[in-house]
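Please look through the sequence and the three-dimensional structure shown here, and then work through the questions and answers that follow.

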Amino acid sequence: MKAFKKVAALLLVVALLATSLVSCGKKSIVDEIKKSGKLTVITEPGFAPFEYIDANGEIAGVDIEIAKKIAEKLGVEAEITAMDFDAIIPAIQAGKANLGAAGITATEERAKSVDFSVNYVDTGLYIIVPEGSAIAGAADIVEGTAVGVQLGTTSDMLVSDITSGISRYKTVADAVVALQSGKIEAVVADELPAKDAVANNTGLVLLEEPLSVEQYALAITKGNEELLEVINEVLGEMIESGEVDKLIQEHMELAAAVG
């Protein structure tokens, strides 16, 4: 019996030691970020006012300001890199960047691949048409309607279920060019980028009725709870203080000035 107790005790010590070693060996993404001195952020700068190219040729916008606040909280710099929108979720899933900040709608499908922060913007998908268009609301988007969307967005997902006449573009701006040239009948895009497009292009109308209501969140690689806590803390402070709303207004004006 004593021998059995000694063996059991030894096994318990070994198990505890193994657990401790695994815990000690687990990398902290926050520690890695602080060690590197940078928070790597990926975005798609064709989505004003959340991300766009400013008058100095730099990537700017609401999401960029938020990313910089998060980096500041961590005591590092934000390193911003542009890529196509449809590549952002796969890149975050693969751990190629710390943060995806690109007006990303938090959906159940995307949440299978990445973790999302708290929502920081309530928005919706809206329809842009030329002046005098027969399309007067969501009910007029039917099978066969030629609609342009940004590739990989929730507009893409939603419109794909409505009409086979969908055309996909890298940016909302590209879709608007196609609309103006008569290649498509309408563009479906998120509310603020849609408003920006109408404000900067004559002869276009933004319909009042949204196709859907959505929320934006930041995306990170799954399992990085420590980083997610920091992100949510910063977002909570910015939402509570009204800073997010102020940034939206500020960058709508700045983006409009760039044109």
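Contact here means heavy atoms within 4.5 Å, while helices (H or I, at least four residues) and strands (E, at least two) are DSSP runs, numbered from the N terminus. This is a predicted model, in which local features need pLDDT of at least 70, side-chain atom pairs count only at pLDDT 80 or more, and totals for chains, interfaces and linings use all residues. Residues are numbered from 1 along each chain as its sequence is written, and side-chain values use heavy atoms, with hydrogens and water left out.

Q: Which residues in H9 do Met-238, Ile-239 and Ser-241 in H8 meet?
A: The axes of H8 and H9 come within 5 Å and cross at roughly 75°, where axes are lines fitted to C-alpha atoms, for helices over the stretch in contact, and angles run from 0 to 180 degrees between N-to-C directions. H8 and H9 are therefore roughly perpendicular to each other, since angles under 35 degrees count as roughly parallel, over 145 as roughly antiparallel, 65 to 115 as roughly perpendicular and the rest as oblique. The residues of H9 that Met-238, Ile-239 and Ser-241 meet are Glu-243, Val-244 and Leu-247.

Q: At roughly what angle do the axes of helix H3 and helix H9 cross?
A: Helix H3 covers residues 62-74 and helix H9 covers residues 243-258. On the H3 side Val-62, Glu-65 and Lys-69 take part, and they meet Glu-243, Leu-247, Ile-248, Glu-250 and His-251 in H9. The two axes come within 9 Å, and they cross at roughly 140°. That makes the relation of H3 to H9 oblique.

Q: What percentage of the 259 residues in the protein is buried?
A: A residue counts as buried under 20% relative accessible area, as exposed over 50%, and as partly exposed in between (1.4 Å probe, protein chains only). The protein has nine helices and 13 strands. Of its 259 residues, the buried share is 46%.

Q: With which residues is Ile-70 in contact, leaving aside its neighbours within four places in sequence?
A: Ile-70 is one of the residues with the most contacts inside the largest nonpolar core. Once the neighbours within four places in sequence are left aside, its partners are Leu-39, Leu-99, Leu-218, Ile-231 and Val-234.

Q: Why is strand S10 described as largely enclosed by the rest of the structure?
A: Strands pair if DSSP finds at least two bridges between them, and strand S7 (residues 121-130) pairs with S10 in the antiparallel sense over four bridges. Strand S8 (residues 147-150) runs parallel to S10 and is joined to it by two bridges. S10 (residues 186-190) is largely enclosed because, of its five residues, the number buried is five.

Q: Which residue in S9 is the bridge partner of Gly-148?
A: S8 and strand S9 (residues 166-169) pair in the parallel sense over four bridges. In S8, Val-147 and Val-149 point one way and Gly-148 and Gln-150 the other way, and all are buried. The partner of Gly-148 in S9 is Ser-167.

Conventions: A nonpolar core is a set of buried Ala, Val, Leu, Ile, Met, Phe, Trp, Tyr and Cys residues joined through side-chain atoms within 4.5 Å.
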